[in-house]
Amino acid sequence: MMIDERNQHGEGRVKRAASAAKDQTMHAYESSRDAVKHGAEATRAKASELGGKTAEQIDKNPLAVLFGGLAVGAFIGALLPKTERESKLFGKTGRDINARAKSAYQAAKEAGSQQIDELGLSGDAVKNQFNSLVDKAGGAAKNAGKAAAQGAKNPDQTATVNVEQA
């Protein structure tokens with residue numbers, strides 16, 4: 001009879017330990033899930049805010065955005081190497097297209113410069129506005145990441161509190 005009682009006592013302890021482990025696992029899972037949810041909410045809020053600010057900057061400075069886009073496109077195009085296959089396929093036609101593209105680029109560049117001069121903007125002012133926009137976008141992404149980390153650290157807090165603490 002003693003052995004039976006010991007087995008039952010041991011079985012009860014194992015069941016209680018398993019139940020406690022299950023409860024702790026569920027709590028950890030729920031906390032993690034909530035932290036990820038809050039982090040995602042904070043990231044969405046920051047992204048929405050950034051989108052609004054970006055649209056506002058585009059409305060305020062469409063030329064700066066246009067020239068920034070042209071500069072990025074020209075830079076990427078300059079980095080792409082011409083392949084031997086392109087040279088064989090396009091030959092003279094490719095050289096003609098290239099010459100026309102360069103001419104169009106120069107004309108667009110000159111027209112843009114003239115318009116900037118007419119508006120009284122200097123190249124430095126446009127560059128500063130573009131850099132400011134890029135800095136603000138980077139700052140918003142950084143803040144969203146911090147808010148997500150706060151949400152993971154403090155799953156019991158609301159997303160708003162985590163954003164404020166970030």
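About 50 Å³ of space lies in the largest cavity of this predicted model. A cavity here is a set of points, on a 1 Å grid over the protein atoms alone, where a 1.4 Å probe fits but cannot get out; grid points are joined across faces, edges and corners, and the volume is the space filled by probe spheres set on the points. The idea behind it is friendly enough: rolling a probe the size of a water molecule over the atoms shows where empty space is left. The structure holds 1 cavity of 30 Å³ or more.

The largest cavity is lined by Q57, N61, A64, V65, Q129, F130 and L133, where a lining residue has an atom within 4 Å of a point. Two or more lining residues come from each of the elements α2 and α4 (123–153), and α4 gives the most, with 3 residues. By class, the lining has 4 nonpolar, 3 polar and no charged residues. In this scheme Ala, Val, Leu, Ile, Met, Phe, Trp, Tyr, Cys and Pro count as nonpolar, Asp, Glu, Lys and Arg as charged, and the others, Gly among them, as polar.

Stepping back to the whole chain, the protein has 5 helices and 0 strands, in the pattern α-α-α-α-α along the sequence. Helices (H or I, at least four residues) and strands (E, at least two) are DSSP runs, numbered from the N terminus. Of the 166 residues, 16% count as buried; buried means under 20% relative accessible area, exposed over 50%, and partly exposed in between (1.4 Å probe, protein chains only).

Helix α1 (residues 2–60) includes G51, and A40 also lies in helix α1. G51 counts as partly exposed because its relative accessible area is 38%, and A40 is partly exposed at 29%. For A40 and A148, the C-alpha separation is 6.7 Å, with the two residues 108 apart in sequence.

On the surface, V72, F75, I76, L79 and L80 form a nonpolar patch with about 530 Å² of accessible area together. Accessible areas come from the Shrake-Rupley method with a 1.4 Å probe. F75 is found in helix α2 (residues 62–79) and is exposed, with a relative accessible area of 54%.

Residues are numbered from 1 along each chain as its sequence is written, and side-chain values use heavy atoms, leaving out hydrogens and water. As the model is predicted, local features need pLDDT of at least 70 and side-chain atom pairs count only at pLDDT 80 or more, while totals for chains, interfaces and linings use all residues.

Definitions and conventions
Patch = residues over 30% accessible without salt bridge, like charges linked within 9 Å, V, L, I, M, F, W, Y side chains within 5 Å. Salt bridge = Lys/Arg side-chain N within 4 Å of Asp/Glu carboxyl O. 1 Å grid on protein atoms, 1.4 Å probe; cavity = no way out; pocket = protein on both sides within 12 Å on 5 of 7 lines; lining within 4 Å.
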